[in-house]
Amino acid sequence: MKKLILTAVIFFTAQLFAETLPKGLKWETNNSDSVYASPNAKKGGTFRLYMKSFPMTLRTVGPDSNGSFRGFILDNYMGLTEIHPNSKKIIPSLATHWSYAKNNTTVYYKLDPSAKWSDGKPITADDYLFTLDFMRSKHIVAPWYNNNYTKEYDKIIKYDDYTIAIVGSKKRTPYELQLANGMTPFPKHAIKLDKNFVKNYNWKIIPNSGPYLISKVKKGKSVTFKRNKNWWAKDLRYVKNRYNVDKILVKVIRDDNVAFEHFRKGSIDIYGLTIPKDWHDKSKVKEVEKGYIQKLWFYTDSPLPTYGIWLNTDKPIFKDINVRKAFAHAMNIEKVNKTILRGDYERLHTSYTGNGKFTNTKLRAREFDLKKVDKYMKLAGWDKRGPDGIRLKKGQRMSIELLTGYSHHRDRITVVKEEAKKAGIELVLKEMDGATAFKSTLEKQHTAVWQGWSTSIIPGFWQGYHSDNAHKPQTNNISNTDNKKIDSLIMKYRNTFNWNTKQSLSRDILRAIYDEAVMIPTFKIDYYRVGFWRYMKFPKVPGTKLSRSTFEAFGERPWGTGGLFWIDKDIKKETLTAKKAGKSFKPVTLIDKSLRAKN
Amino acid sequence: MQLSPLALKQIKRFKSIKRGYYSFIAICVLVALTLIAELLINSRALFVSYEGNWYFPTYGSVISGKTFGLNYDYETNYRDLQEVLKKEGKGTVIMPLVPYNPLENDFREGIYPPSAPSSKEKHYLGTDSTGRDVVARLFYGFRIAIFFSLLLLVCNYTIGVSVGSAMGFLGGRFDMIMQRIIEIWSNIPFLYVVIIVASIITPNIFTLMGIMLFFGWMAMTWQMRTTTYKERSREYVMAAKSLGASRRRIIFNHILPNSIFIIVSFIPFSISGGIVALTSLDYLGFGLPAPTPSWGELLRQGTNNLEAGWIVSSVVVFMIIILVMVTFIGEAVREAFDPKKHTTYE
């Protein structure tokens, strides 16, 4: 009896303190976007690919975990929601429904009650609460994560086992909230968080929520993933007919040329051919000519990394906007594209290309034009030339140091350098190791830097172009842009929660940055190219707008791009027999532009 | 200058070793040619006559295209000018043997570099992966490599010989301490230091020389130490000492001339060593900054573009020829200066 009363008391107190869901929430979901996997997909087979080094640990946080292999593990943990790789809208994943609070910081989620960890235990609200503690814990020895999860998340509220709210610490638009607040839970029951965590979990395989789980680790040699046949999500609308192969074998091959020989032999199934030389020359082998290996060139429509030359406006020579404009007109990127890149790359016109309506498609990069160089140089007083053909002003030669950490772009830069001589500009190449070059730019020691910056689905301008970050080291404003108009636009952009206004402000900011002439966009590559054995099959449209390859085994989350392909056993048998007999097929090169962005 | 009978004998002996002697002449001629490389391999014309005026553009300042009635301000493209003037009959242009400089990219419509050797285009050994002429890059690369290693040799030997002789002559505590210092010093891994330095600063020819000198001077010390040790106890040194000659005078005026054969016979090998060191650093990407012409960089391009066999084969063949010739000279010198042939022991 006593026990019963006690239980009742506990029950009621718990009810008293338990949070209640606010009334009037409008729940959203998305079951109407197109399905992009193929209904013809067949299950089975082993997909073989390579990585260049063996991971130092199987942990995804803590020391030594920041390697490329971490992606393979994390891609097998699902998030609350994902992004449809073609419509780019939010689609359900671990959460079936979501709802936004009016305060622009909170998202409510209804969790899928059928969601299970790979060991069969249900995924509940407690796992999310645990994950927040886990990521903030000192025991994982990951200061960046500690800081990030403390800074970005305010708290997680549990209403019941299958309803939660995630409260972010910054105001954002709904879409950004999904990206920022959306969380990938880890299994509470399988992780013991104490001071030995880092040591104990080096090689431990933790249950996950995704399609594949590591089944075999040969240290230094390979890692095998096995498909979870009872995976809870396998029949979800956007997941069905994806993740078809039974096993994924990732071998360690330290050299790309060696890997290519493996590929020719058929011991790995695909090989990336995006680089012009690989696509045109390297792949001229008999396996391709005989049709055992086919080639695919697929255009995407995704935010593109920004390759460019950034000018440091704090250096005296680039203080003058006319010099910056003249310099831009003296960079013969078109020639590089046309000659050593074989016309395969295009000229990039602005940063944040491929971001839909955030992109200002009206901007056109300043083209190589010696007349315009003369015009702007004259305005800046650099119209005389010395005996070596380089421009002079008050005894100073126009010799500009161009820093780069991209030794693989050396060919391109030397062409630009030779062409710049025609404009009377001497470029002095300063080549450094990648990390050192990057550090040196963050410290604003460069005059001009040849670089590439990764992108995000929603542009951020404050770090790169706001005067708050100019004239001081360790910020991303590497051009030291300090312009009142740009500042006010950026602040408006940051403080608006209206999607359309935000997009139009983004276009205005890009235009204003263009007018300042602090950055010269260089290359645009809006496609991937890949060689694959002919038994590798894929949907009619071989990828999605956000795909990085048709043969993404898992696909980076939150973009649902992975596992679209399958292996056709009959064709594999046919191919291998034909290869043995020396019989050939028709060579195939597929070029697909159906999803390419129009601009 | 009167050469001593011994020196004459040594030279005669050197001349009699044919392959060494001819290699020596060949290398000298090559080095001499590199000094006038601009007249042999260059994109600037040797001579232009245009509307009655004569121009010798090779060594002067840049002549803008407008001078010759072309529509641009930058440096005249003399190859095109040659074509134009031929057609219009307004003048003549005489181009060097290979009308390309080692830095310019020669792109042609529809052909992607590297392009194969062609005497019609005057790319006698083809072009590299950015369309630069391989002959030009080889030859200018050779000029840099040979003068680099000669300068390095002088610096290395100056320090190495002085320190080595001092160790041998003074002996005792100084010798002991220097020996330990050199032992420790020579255990610093050369390549790592170069890699670290190259990742922080972009090395130029002088920093590279500095680094190599930093690790290279030790080699000569051991040789000089033992020789000086030996010579020190000879009677002529005693005689000089008893006449009151200073230490410096004894070392540089008496001992050094008598141990010169050691130095001379090491020179050719040091030269080839210097060339190989610079080439391998360039090959690894820690050498001279792009786009300086260099063998190592060509070799790297060649191995990355094995399908363009002319790049790797030209540089490998040229390098083997040079290094073999240098080794022949070394052999001959060693033979000619062999003390057993000339010295009479009391």
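Author: What follows goes through the domains, a sheet, a helix pair, the chain contact and some backbone details.
Author: This is a predicted model, in which local features need pLDDT of at least 70 and side-chain atom pairs count only at pLDDT 80 or more, while totals for chains, interfaces and linings use all residues. Residues are numbered from 1 along each chain as its sequence is written, and chains are lettered from A and ligands numbered from 1 in the order in which they are written.

Reader: Fine. What does the domain assignment of chain A give?
Author: For chain A the assignment gives domain 1 (25-31 + 53-200), domain 2 (271-302 + 528-599) and domain 3 (306-524), with bounds that come from an automatic or database domain assignment. The C-alpha centres of domain 2 of chain A and domain 3 of chain A are 35 Å apart.

Reader: And how many residues of domain 2 of chain A are in contact with domain 3 of chain A?
Author: On the side of domain 2 of chain A there are 6 residues, in contact with 5 residues of domain 3 of chain A, where contact requires C-beta atoms, placed from the backbone, to lie within 7 Å. The side of domain 2 of chain A that touches domain 3 of chain A has 2 nonpolar, 3 polar and 1 charged residues; here Ala, Val, Leu, Ile, Met, Phe, Trp, Tyr, Cys and Pro count as nonpolar, Asp, Glu, Lys and Arg as charged, and the others, Gly among them, as polar.

Reader: What about chain B, how is that one divided?
Author: Chain B is assigned domain 1 (5-35 + 136-342) and domain 2 (43-95), and 43 Å separate the centres of these two domains of chain B, taken over C-alpha atoms.

Reader: Which elements of chain A give two or more residues to the side that touches chain B?
Author: The contact takes 23 residues from chain A and 22 residues from chain B. On the side of chain A that touches chain B, the elements giving two or more residues are helix 13 (410-422) and strand 19 (426-431) of chain A, helices (H or I, at least four residues) and strands (E, at least two) being DSSP runs numbered from the N terminus. Helix 13 of chain A supplies the largest share of that side, 8 residues. By class, the side of chain A that touches chain B divides into 6 nonpolar, 5 polar and 12 charged residues.

Reader: Switching topic: in what order do the strands of the open sheet in chain A come?
Author: The 4 strands of this open sheet in chain A follow the order 1-10-9-8, with mixed pairing, and two strands pair if DSSP finds at least two bridges between them. Strand 1 (46-51) and strand 8 (212-218) of chain A stand at the edges, each with a single partner strand, so one side of each has no neighbour in the sheet. From one strand to the next the twist averages 20°.

Reader: Which pairs run parallel or antiparallel?
Author: Strand 1 of chain A runs parallel to strand 10 (residues 247-252) of chain A, joined by 6 bridges, and A:Thr46 stands opposite A:Lys247 in strand 10 of chain A. Strand 9 of chain A and strand 10 of chain A pair in the antiparallel sense over 5 bridges, with A:Val223 opposite A:Val250 in strand 10 of chain A. Strand 8 of chain A and strand 9 (residues 222-227) of chain A are also antiparallel, joined by 6 bridges, and A:Tyr212 stands opposite A:Arg227 in strand 9 of chain A.

Reader: At what angle do helix 3 and helix 4 of chain A pack?
Author: Helix 3 (residues 125-136) and helix 4 (residues 143-152) of chain A pack at an angle of about 130°, with their axes 7 Å apart; axes are lines fitted to C-alpha atoms, for helices over the stretch in contact, and angles run from 0 to 180 degrees between N-to-C directions. Helix 3 of chain A and helix 4 of chain A are therefore oblique to each other, given that angles under 35 degrees count as roughly parallel, over 145 as roughly antiparallel, 65 to 115 as roughly perpendicular and the rest as oblique. The contact is made by A:Leu132, A:Met135 and A:Arg136 of helix 3 of chain A and A:Tyr145, A:Asn146, A:Tyr149 and A:Thr150 of helix 4 of chain A.

Reader: Last one: is A:Lys444 buried or exposed, and where is A:Lys444 found?
Author: A:Lys444 is found in the loop between helix 14 (434-442) and strand 20 (448-453) of chain A, and A:Lys444 counts as buried because there are 21 C-beta neighbours inside 10 Å; a residue is buried if 20 or more other C-beta atoms lie within 10 Å of its own, exposed if 12 or fewer, and partly exposed in between, with C-beta atoms placed from the backbone. A:Lys444 has a positive phi of about 60° although it is not a glycine.

Conventions
Contact = placed C-beta atoms within 7 Å.
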